[in-house]
Amino acid sequence: MASIKDVAAEAGVSVATVSRVLNDHPSVSTDARARVLAAVDVLGYRPNAVARSLRTDQTHTLGLVISDVLNPYFTELARSVEEEARTLGYSVIIGNADERPDLQDHHVRNLLDRRIDGLLVSPTDGGSSLMLDAVRAGTPMVFVDRWIPGVDVPVVRADGQGAIRDLVAHLHRLGHRRLAIIAGPAAITTGSERVEAFRAAMAEYGIPLPAAYIGQGDFKAESGRRVTEGFLDLPEPPEAVFAADNLMALGALDAVRARGLRVPDDLALAAFDDIPWFVHTDPPVTTVAQPTGDLGRAAVRALVDRIEGRAAESVTLAARLVVRRSCGEPDPAEPVPAPREPSAPRESSGRREQSAHREPAASQEPSASREPSAPREPSAPREQEPSPVMNRSQS
């Protein structure tokens, strides 16, 4: 990687002259400026990624590289980032990686070249040498939603383990035992984390997660469709499928309907990441919802802290289970009538006559013959989003 000394040698000027050109100082001659800029171009020099100490001013601009702009979760995240940044006096330039590491690095490089003050990234993989170089060079950076393990950068994320545990308990309570997952890429932290949380929650109920019930997706709708078709072709298909993001859940819905089947009659479905139109599908989709707006705002505040020389902290917020009707839940528009108490028996001609009401009491629990009772049954949460609880640890 070229240094400022290499640029000075290529342009035939001093290091101080290069510094003045890079900082738009008016004292540099037109000829010297042209030679320095030509040398920067030839050598591929990136002053903001490699030599942050050269900066003497700020652009009040943040860079945001999101994984997929078509994913409603990241669209909402970007909106909250832009709103919070504007409140704090910063503008935002957004790059869409489209779940591609090469596009991610393309946007990171361009943003650094535009002299942004700091960078928010939701990494598409853990092996970007460009981002690691930028971190080592002192570029203020914060990871949001996803992160690169072992890199000393504040992370703002949601912890979905508790909500996934609640989801498995909910599915168990509804009588489902054959549970499958459409997983995200194992190389992405959220992909591997959600599978392990699902497996661990199932283990609490003594339910195995066979390899045939783990489908490898890529956080896009087409992979959700493909994986679900594979599940439906199994000799013993799963009873319920958990899609590890919203787009894969939409693909799963397409696959079920293409077979002439129905959710939840033929296959129960739940998704990670709530999106506005899940309440409008038929049936509405049960989800694990992240506090997306709060994540975006917290990420901006952490990044601005780093830019302005304050200590920045990692932030973890809690996800929550949102119960709707895609897993076989009762329709709230058709309430189950309260069970009636049997009439007291009365004596007649030396024998007891039972009441004419012989129906058993109604119950929402599965038959006891299907499975032993669960060791733990959390109550179903409400749709209303509570204020998230922040667990802060020093970055």
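Biologist: What should I know about the model and its numbering?

Modeller: The model is predicted, and local features need pLDDT of at least 70, side-chain atom pairs count only at pLDDT 80 or more, and totals for chains, interfaces and linings use all residues. Residues are numbered from 1 along each chain as its sequence is written, and side-chain values use heavy atoms, with hydrogens and water left out.

Biologist: How is a pair of aromatic rings described?

Modeller: By the distance of the centres and the angle of the planes. Rings of Phe, Tyr and Trp (its six-membered ring) pair if their centres lie within 6.5 Å; planes under 30 degrees apart are stacked, over 60 edge-to-face, and the rest tilted. The whole structure has 2 aromatic pairs. Tyr73 and Phe74 are edge-to-face, with 4.9 Å centre to centre and 75° between the planes. Phe198 and Phe242 are tilted, at 5.3 Å and 35°.

Biologist: Which parts does the pair of Phe198 and Phe242 tie together?

Modeller: Phe198 lies in helix H9 and Phe242 in strand S8, so the pair links parts 44 residues apart in sequence. Helices (H or I, at least four residues) and strands (E, at least two) are DSSP runs, numbered from the N terminus.

Biologist: Is Phe242 buried or exposed?

Modeller: Buried means under 20% relative accessible area, exposed over 50%, partly exposed in between (1.4 Å probe, protein chains only). Phe242 is buried, at 0%.

Biologist: How many residues has the largest nonpolar core?

Modeller: A nonpolar core is a set of buried Ala, Val, Leu, Ile, Met, Phe, Trp, Tyr and Cys residues joined through side-chain atoms within 4.5 Å. The largest has 49 residues, and Phe198 and Phe242 are among those with the most contacts inside it.
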